[in-house]
Each structure stands twice: as structure tokens, then as C-alpha cells.
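The structure is shown first.

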Amino acid sequence: MSVLLAVLTGLLVAAGTWLVLQRRLLHLVLGIGLLGHAANLLVFAAGGVSESPAFAPGGTPLPGAADPLPQALVLTAIVIGFGATAFLLALAWRAFRTLGDDDLPGWCGSEPPLEDDHPEPRP
Amino acid sequence: MGFALAVVLLPLLAALVAVPSARLSERFAIILTACALAGSAACALALAPAALSVPVEVLLPWAAPLGPDLALRADALGVILATLVGGVGACVAVYIGGYLHGQAGLGRLLATLLTFAAAMQLLALADDPWLVFVAWELTSVCSYLLVLHTRTPEALKAGTTALLVTGLGGLVLLAGLLLVQQASGVTRLSELGAARDVLLASPLGTAALVCVVIGCATKSALFPFHFWLPGAMAAPTPVSAYLHAATMVKAGIFLLARVHPGFGGTALWEALVGGLGALTILAACRRLPLADDLKQLLAWSTVLALGTLAVLLSLDGAEAALAAVVLLIAHAAYKGTLFLTVGSIDHGTGTRSLARLGHLRRAMPWTALAGLLGAGSMMGLPPFAGFVAKEQIKLAGGGWLASGSLLLSAVALVAVAWWVGIRPFWRRRADPTLQPHESGPAIIGPALALAVLGLGLGLGGAWLLSPLALRAAADLAGQAIDGGLPILPTAWAKAGAAVLILALGLTAAWQRERLAAATAHLPRDLCMRAWEAGLHGLVALGRACIHVTQHGDLRGYLAVTLLVGAGLAAPGLAGLDWTIAAGPVPLWMWPLCALLTVGAAVAAFARTRLAAVAGLGAVGYGMAMIFLALGAPDLALTQVLVEILVVVLLVLAFRHLPELRAAVRPERRRWLHALVAVLAGIAATGLVLAAQQQQLAPHLGDRLIAAAWERGLGANAVNVILVDIRALDTFGEITVLLLAAVGVAALVAPGAEPRLAIARSPILAAASRLILPLAALLALFLWWRGHHQPGGGFAAGLCLGAAVVLVAVARGGVAARRTLRASPLAWAGGGLAVAWLAGMIGLVAGGGFLFPHWLGPLGTPMLFDLGVFVLVVGIVVMSVERLLEAEEGAA
């Protein structure tokens, strides 16, 4: 089963990577969402899996209880992921509104050129 | 020891107070600067008696277990340089008071000047490579700041060139000093003479010699780096007099003298130093007749003198060493005098053009006197210091190349002295439009003081100069000198050569126009042009590299980053046991796998926005089910609630973005992207497997659960970790959440008329009314039981947030805000405040920030979790509301 989770993680990473490498803004958002899931699954699966929750009703841990630490990490990661997704969407909205284009390579020239700190020496 | 430190610290301390004191009173700042520098010179002189017998040493422990101490050593040569730096500096400081009177930035100028003086004094006394290097670089930086004082484009260009040349040279010098240390095994410059055999026998010795000489050549403007010095004349004249004639440019010569006991006498040293010196003399002589600006003339004559010093240092024997030491002193005095004279001319007439100036002796008698005295010394006339130097140079010996270049230099110095010190005052013709007037005593005084110093050193040369100079030369050459410096009566007897040099020099001065015509057609500024071409090429190379690596395409960066990451993981994955026992896979796992795979595939390849969102949602719910099945009910609960909200967010935002089918330019390199994706996936799989095969602390989980029960008083270990054990992390995370929501609010301005793009459904509106109270109850229940059962503040906040979002979607943002009774931002901020309050209770009641305190079933972790709850409601509503009411279409 651990192997299965590992393979699933790889699958999500591959799909997310594929998406973030596409040229559409929308794909970028979706890809980051998938990568977020993949990261959660990675931490969760890497911590070792167990079918009984990390509870101690009455003070004694359930037999074979899971490790609560990866779960705590993933829990905050899920909520942070929500915040990040919201921010990313807001950013995407603003970028599309400002640039009028959702084609990522098309944005290349949109950045103002860097100030030239050191003027070239006159020959 | 106290004096040695005071030599360096006096200018440094004065530098610290220079700016505020200049704001208080300009006169006070000038006096302070002059006194600090004069005091520094006096302290240096106080070290002189010891320098003649056993030099004072100061050892400062530094990086004790690693290496040797920082060392100061006041030997004869160091004392001579330090006295010059302090004495000339004091004169220049007074001069600045007259020359730059009332100008803005005077305090800054004085502070930089004092810092420079401190660095120079440190260099004079430093005896270990590290202090030498630090002081060396500091003088370069100070020179840059001082050249830039006028802030003209020319000054910027010249200052930058000087900084780059001397800075690069400094790096080469550092390499050289380290090589010297490696090769000789000693860390003190004063021990180089003793370690000479080891140094020269080492294979690193040659490289060390070349590096040190190159470093010194850049600083002392030796060929082929001589071009920066005339450019640096953009600095104010007193600064030029101080840095670019009397002191800083001598640093390279000084360091050459310092390493002379180690390298001197070898064939390579003689060829390299002597060759560079001779070429420098030639280059300067070539340019002298063409210069019309008096400062340029003086700059080229400084280059000339530096070349002469290099030639003298390349020669073996004590007489040559003595000649170098005496010339160093005499040059500082007469060149300083002439620079200050030129400054006075500039001040009194407004021009420095040789062609326009003349007949100034009536209008500027005192300046004329200073010029006369300086020129006399420079020409090597008795009874000036220059005469002693010139007579000693005659004794230096050397081959035809050295003798010839020394003769050439002596002749050229006579000519320059005539042009600068005599001609402007005594020439009959002059530009009639000039209206010269004499400068004030603050300008004349320092110039005359330096001139009289030159005179005094010459008159009393044998007695004043002899002991220190002889000792310095003896240190340099490694052998004592018979006799002393040439003194007047004996030298008069063999004045023939001196008369010849004088005659040649005056002829050259007289034939200036003819010399200029003869040299005008020769190619000029070759070294400068080569340097600039090299610099240009470097910048072009940098641009080319940036063009390739910084192309601006985000996806390219990502692909490279991911590939590098996968590549770094590869060696670890190669050693992995891929055949790990898979174990029995429960039946329910297969449909989940299918759901995730199909969801991911749909998200990746969908042709419509809605399908892509559905695919991503499917993945999210699949994740929730995996969490539920594998002992993580809290995660499952949170994931389901988040998934609801994320899908809402995606739909709200995606309606503004173009449909996926809409035409885009064709994609290139798809196969490359696919390859990167597959490799990244394999690396991730391997990473999980590697982590699973290395269970570092298998019992940590059980111990955490036990600790959660015993110390956190909770059965749900995940929740206890969040609100108690690692509560500070959670506090940071909710702060980040708040910031993200504020970011959303900042990025998405609400439309002019908030309107709902989604058709309002009466059924949805009615349902939202029903669901809201139920959801609120459920949220409170989740929060309350979270400590012992699945639930907690995050889940509770998401639950209530989702219900309010439903209200917002069904009835509009205004209705949602009315439901909340306060703005979402107030909820979020209030939540953070409550969490902070829970932490402060721990701080006040003891135990520290966020330390838990319990009162029956109620405790501060519960309060903290309440804060999380309220904050999450706020940020959820804030984010969704903004995207809901965002203006449509592109701007």
C-alpha cells in the first residue's frame, strides 16, 4: 500500500508539473493546485501509514496508531493551501486584467526592463 | 604601543565626529581634522627612536585558535610614511578650509579624508597580510568617494575606472600575499627577509612575486595601469595633492619596498619591476608635452616619479634603496607644494590652462614663492630635498636601461617643474581676460609650509633625514650603508652631471611646442582603450549570459529547476530498494486510485474550464477519502471543507479567464515538458519510498500521542499538536493566512457596482437561510470537541465559512456581510487577536507565550483554537467575496 501511495504521489506531481509547464494562466493555477495535493500526500505517505487514527481515548493510544506529526503538518498545509490558492487566483485575475492576455510566454516582455546600474563604458 | 595605536586611531576617531562638527562650525571641523592628522604625525615621530633600534610592535589577537595575530610594526620605513601621511594631511586639511570654504558636503569630505588617513596609517604600520589588504582596499574605496566629491559625470567615470583598476589589483594582491604566506611559511612581512631562501625555493614563489607586483602596479599607477591616475584628477585639488601625489599612490611602492627583502635581487624582480618602471617613465614622458592642464601635467609627472621609484626598487644594493626612500620623501614634499600652488592659481584665476596663464607673480606673489620653492626642489637644485634625492639617485647604479630611464626622468622633472612652478608666474605673455588675485592665508600657508619642509629637509638633509632613511634603506637592502646621504659641499664638487640634466630639462621646457608636435601623432591611451575594451567585453559577456539564462519565461525557469531537483535526487534514488514488499492492498484502495488518476488526467488535459475544475475537485475528494481510510479523520474533514471552498473560488475566478479551447499560439517542446513531468513524478515517488524505508524514530508517534494526553490533556493528538505543542507554528500560519487574504483584497478591487454574475436562485437563497444556523451549530460543535475528537478550529472555521459563502453566492456579498454582523477583515483580525490573547495568558500566568493553562474543561488552547476558528471564517469570506464581486473582463 505504501508503494501505491508513492506511485500516486508521483502521478500527481507529474500531472501538476505538466500543467505548470503549459502556457495558459489557467493551467498554471490548476497545476499548482495538483502540486499542492501531491505535496500533502508526499508528507502524509512519507510519515508512514496506519489505519487507526492518532487518538488516545482514555490515555492509551490506539494499537498501531498513526504518527500525528505528519498529520498536523498536512492539516495546516491544507488550510494554507486554501489561502495560497485564493491569493494565486487573485493574482491571476489582476494579471489578466492588467495585461489582457492569459498566455504566459506572452508576458515575457511585459516586465519593465531593469535599470542599468552600470552604464557601459564609452569606448 | 600606545603611540602606534594612536597613529591609526586619531584620524579614525576624528572621522567619526567630522560630519557633526562640520555642521556645527566649518572652522572647528577643519581645525579638528588638522589637529588629528598633525597628532598622528607626531605620534609617528615619537616612534622614530624605537624604529632605529627595536621597532615597536603591537599584536592584536584575532581568530585565536585558527591563526596568527594581527600585527602592527613601526619600523623606519613605516614611520617615514606615517609621518608624511599625517604631516601632509594636516597641511591639506588647512588648505581645504580655504579652498572649499563654504561648500556643501565639507563635513563628508573631511570624514572621508580622515578615514583615508587612518587606512593609510594602518597600511604604513601593518605587518601581516590581512591588515595590509584591508587597509589597501579601504584606501581604494576612500579614493573613489573623494574623486566623486564633485559629482560630475567625468568624476564618476574617472572614479569608477580608478576603483575598478585598484580594486582588481587589490584582489590580485590578496592572492599574491596569500601565496607569499604559503610559499614562505611566515605571516609577518618583516620576517620575509629571513625566510627569503624558503620563499624563492618554493614553486609558488614566482607566482607570488608576479601577483604582488601586479597588485602594487595598479595602486601606484605603473605601466600598464598608469591611465587611471590622470583621470582621478577630477577630485578637488587638495585631495589630488594628498591622495594622488603624496600618499595613496605611494602605497604600491611602499609595499614593493616591504617585500623587497624577500624578492629583491632576483632576475625576475629586476626585470618585472624595473621594466614596468622604465615603461611607466616612457609613457609619462610621452604625454607630458601634450598636457595643457596644470593638474594633468602634475599627474603625469607623478606617474613619472612612481616609475622612477619602481626602477630604484628594482635595483639591488643599499644605495638604490636609500635613493628610493629619499625620493619618496622629497617627492611628497615638492609635489604636494606644487599641487597646492596649482590649486591656488585655479582659485585666483579660474583656469589651469598652461597656454592662458602667465605673469602671475605680481598678482600672486606668495603663490609664486611657493611655486618657486616647489619647482626648485623638483628640479633637484640645491639646497632642496629634491637635490639630495637626485644626488643619491646618481649613486644607485644599475644597467644602461635603469640609468637611461632615471636620466630621462630627471630631465623630464626639470621640464615639468619649469612649466608648473615657474612659467605661469614669470612668463611675459598671458591671457589678458584673466583677473588674477592672491589667495588667502589658508591656501598660501599650507603650500608654503610644504615648500619650507622641502627646503628644510634639503638644508638639514644629512642630519634630519639620515638616521631614519639610512635605517629604512638598510632594512630594505638587508645590508648597512657606509657613510650617509650626500650633503651640500661634497655634492657641489661633482655638479657636472647635475648641470647637464638641468640644461637638458630647461631646453626641453623651452621647446615644449616642438616636443608636442613631435609626439602628437603617436597613438595615445592604448592601455586605457584596451582596459575599456576588456570591460566592454565583460559587460557584453554578462549580457549574453543573462540573455541565455534570464530569458524571462517562467516555464523555462521551472523546467530547469525541476530537472535539477530530479537530477539531484537521482543518485539517492539509484540506491533505493524499488522491490519493497508491496503488502496487501485493501480492495477499497483501487477505486480511490482510479478516482485520483482520472481526476488528475482530466485536470491536465481538459478542454474546458469546468471540466478542469471538476478534475481538480475529484482529486481533492479522493485525497480526503485516502485520509479518512488511513487514520486521519481530521485531515479528511478539513480536506472536504477546503475542497468545497476551492471549487467555489476556482469557478468564481475562472469565469473571468478565457476558455481553455480559445486559441493560443501553438505549443513547442511538448515532449520536453512531458519528459520533465515524468522525471519529476519519478523523483517524487522515489522520495516517498526513500522516506518510508527510513523510519528514523518509529516510536515518536506513540510518544507524541502520550504526551498529548498527559501534558496537553487531549485525546486528539493532531489537534493538541496544533493548538498546544506546536502552537507557535500555528500562530505563524494563521498570520500567513490573514496576509494572504489581505493580499487578495489588495489585488482584487471590487467592481464599481458590485453585481452578481451568477443567476440568483430562489431555492439556493432559501437553502442558505436554512443551512446557515445548522452550519453555525456544527462549527461550534466541531470546535468544542476538537480537543478529543476529530474537529478543531480549522475545520470549524471552514464549516461556518462555507455556509457564509453559500449566503454570499446565493444572495450577494452584502447579505454575507450582514450575516457576519462585521466585515470579514474584522473577523480575521479579531481571530488573530483572540489567538494572541490566548498566548499572552501563558506569558502573564507563567510558562511563556502560548503555554497552556487549564481551568476544568476550559483552557487557553481552546481559546487559541477559537481564535483560529474566527480567523478562518474571516479569511474564507474575504477571499470568496472579493472574487465574487470582481469586475469582469480585461481592463
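Helices here are DSSP runs of H or I with at least four residues, numbered from the N terminus. On that basis, B:V807 belongs to helix α35 of chain B, residues 793-811. The model is a predicted one. Chain B contains 38 helices and four strands.

**Chain B overall**
- Chain B has 891 residues, and 53% of them are buried.
- Of the contacts in chain B between residues at least 6 apart in sequence, 79% link residues at least 24 apart.

**Surroundings of B:V807**
- B:V807 has 25 other C-beta atoms within 10 Å; the cut-off for a buried residue is 20 or more, so B:V807 counts as buried.
- Leaving aside residues up to four places away in sequence, B:V807 is in contact with B:S768, B:L772, B:A815, B:A816 and B:T819.
- One of these partners, B:T819, lies 12 residues from B:V807 in sequence, with a C-alpha to C-alpha distance of 8.2 Å.

**Helices α4(B) and α15(B)**
- Two packed helices are described by the angle between their axes and the distance between the axes.
- For α4 (residues 76-99) and α15 (residues 318-349) of chain B, the angle is about 5 degrees and the axes are 11 Å apart.
- Angles under 35 degrees count as roughly parallel, and α4(B) and α15(B) are therefore roughly parallel to each other.
- On the α4(B) side the contact consists of B:L77, B:I80, B:L84, B:V88, B:C91, B:Y95 and B:Y99; α15(B) supplies B:V325, B:I329, B:A332, B:G336, B:L340, B:G343 and B:H347.
- By class, the residues of this contact are 11 nonpolar and three polar, with no charged residues.

**Nonpolar cores**
- The largest nonpolar core holds 210 residues, of which B:L312, B:A324, B:V325 and B:I329 touch the most other members.
- The element that gives the most to this core is α15(B), with 19 residues.
- B:V325 and B:I329 are named both among these core residues and in the contact of α15(B) with α4(B).
- Another core, of 156 residues, lies apart from the largest one; among its members are A:A45, B:A677, B:L679 and B:L722.

**Contact between chains A and B**
- The contact involves 84 residues of chain A and 101 residues of chain B.
- On the chain A side, the elements giving two or more residues are α1 (2-20), α2 (25-46) and α3 (68-99).
- The largest share of that side comes from α3(A), with 25 residues.
- The chain A side comprises 57 nonpolar, 17 polar and 10 charged residues.

Notes:
Residues numbered from 1 in each chain as written. Chains lettered and ligands numbered in written order. Predicted model: local features only at pLDDT ≥ 70, side-chain atom pairs only at ≥ 80, totals over all residues. Axes fitted to C-alpha atoms, helices over the stretch in contact; angles between N-to-C directions. Parallel < 35°, antiparallel > 145°, perpendicular 65-115°, else oblique. Contact = placed C-beta atoms within 7 Å. Nonpolar A, V, L, I, M, F, W, Y, C, P; charged D, E, K, R; others polar. Core = buried A, V, L, I, M, F, W, Y, C linked by C-beta atoms within 7 Å. Buried ≥ 20, exposed ≤ 12 C-beta atoms within 10 Å, placed from the backbone.
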